[in-house]
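Below are some notes for a colleague who has the coordinates open. They are arranged as numbered points, each on one local feature.

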Amino acid sequence: MASSSSYNSPCAACKFLRRKCMPGCIFAPYFPPEEPQKFANVHKIFGASNVTKLLNELLPHQREDAVNSLAYEAEARVKDPVYGCVGAISFLQRQIQRLQKELDAANADLIRYAYNEIPPALPPHPGLNPVQSMAPARSRPIQLSRRVDNQAGGFNYQQPLAFPLPYAFPWNENPSGNNDEGGSQDGM
Amino acid sequence: MISGRCAACKYLRRRCPSHCIFSPYFPPNDPQRFACVHRIYGASNVGKMLLKLPPHLRAQTADTLYMEAKCRIQDPVYGCVGIISHLHQQIRIAESQLAKTQAEIAVFNSIAREAQVQEIEADSNFFKNLLPEEITAAGLRSYGYGSPSTQTFKFN
């Protein structure tokens, strides 16, 4: 069998396609022969020529993340042919809505405690002044739904999920070094 | 019938057969929908995916394929996986905020509980020091118990 550009064995793509893996094969850096299923999924959903076109439109340093995200989407679509990744998005959006409600309720409790529940006539706690130590209530809800809508351009799919949990990410979840505050991002 | 072609057959410049797999889901008035899907998946792959599914699931499948294709066109590197990653991040932030808020509530709870305990202990000490005959309503009032203006106790 012909050797790949890594001089070891054909990449998973060329093995799958039963062709010679030439030096400079566009797939070889991203589809190692040890992961045949990765290319099999990508080929099944997107097709080799579409993936080639997609990769050729990107800069070399973007291709690895692109391939990994395509592989993730392809695996999701193989496991859930109807909803694919959209099912995971829908699940996560519902989770955020639930958390937002819990946070609203917790903030309401906090405000109630801070302003109503601790009578000023009580002797101060030895280690804590209940008035001075009162943290500012988080009365501004985190604008998750707005941020999600902005980020996704109005993406809001309310269909039921085929199965509950999203999949493990194959790469660092903060590739562009975004801050933890989740500030506005440009397509990550 | 050329005028009745679906968006897919128009795009592919072919006759639209009577049982075209695309026509229910890619109407001619939305050419962009099929163009997106074709660009990312290819007509053949979309057709295969739809054919593998029972008819009642195909509309949803076409919708989700279109959404994913649109995301990929807008973000060629991450596609809708970028959105998933962003949502995960938002969930982490929300959970962290919720944990902090709940911790603050727990602090207030413990202050309130301690205040209640102190109040109960104060009442208990007060009654311990009373003679039995003083524990009457009149006696209590004479000690100022129950009168807001005289609720100052000295604790030993």
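1. Where in chain B does B:Ser18 lie? The model is a predicted one, and in it B:Ser18 belongs to the loop between α1 (7-12) and α2 (31-40) of chain B. With a relative accessible area of 69%, B:Ser18 is above the 50% cut-off and therefore counts as exposed. Along the chain B:Ser18 and B:Gly4 are 14 residues apart, and their C-alpha atoms are separated by 9.8 Å.

2. One of the pairs is A:Phe31 with A:Phe39, whose ring centres are 5.1 Å apart and whose planes meet at 85°; because an angle over 60 degrees is the criterion, the pair is classed as edge-to-face. A:Phe31 and A:Phe39 are both buried. These two residues also belong to a cluster in which ring pairs link A:Phe16, A:Phe27, A:Phe31 and A:Phe39.

3. In chain B, an edge-to-face pair is formed by B:Phe26 and B:Phe34, with 5.3 Å from centre to centre and 80° between the planes.

4. The last point is a helix packing in chain A. Two packed helices are described by the angle between their axes and the distance between the axes. For helix α3 (residues 48-56) and helix α4 (residues 60-79) of chain A, the angle is about 145° and the axes are 10 Å apart, and the crossing of α3(A) and α4(A) is right-handed. Which residues make the contact? From α3(A) they are A:Val51, A:Leu54, A:Leu55 and A:Asn56, and from α4(A) they are A:Arg63, A:Ala66, A:Val67 and A:Leu70. Sorted by class, the contact of α3(A) with α4(A) comprises six nonpolar residues, one polar and one charged.

Methods
Residues numbered from 1 in each chain as written. Chains lettered and ligands numbered in written order. Predicted model: local features only at pLDDT ≥ 70, side-chain atom pairs only at ≥ 80, totals over all residues. Heavy atoms only, no water. Axes fitted to C-alpha atoms, helices over the stretch in contact; angles between N-to-C directions. Helix = DSSP H or I, 4+ residues; strand = E, 2+ residues; numbered from the N terminus. Left-handed = near helix turned anticlockwise from the far one by under 90°. Contact = heavy atoms within 4.5 Å. Nonpolar A, V, L, I, M, F, W, Y, C, P; charged D, E, K, R; others polar. Phe/Tyr/Trp six-rings, centres within 6.5 Å; stacked < 30°, edge-to-face > 60°. Buried < 20%, exposed > 50% of the residue type's maximum accessible area, 1.4 Å probe, protein only.
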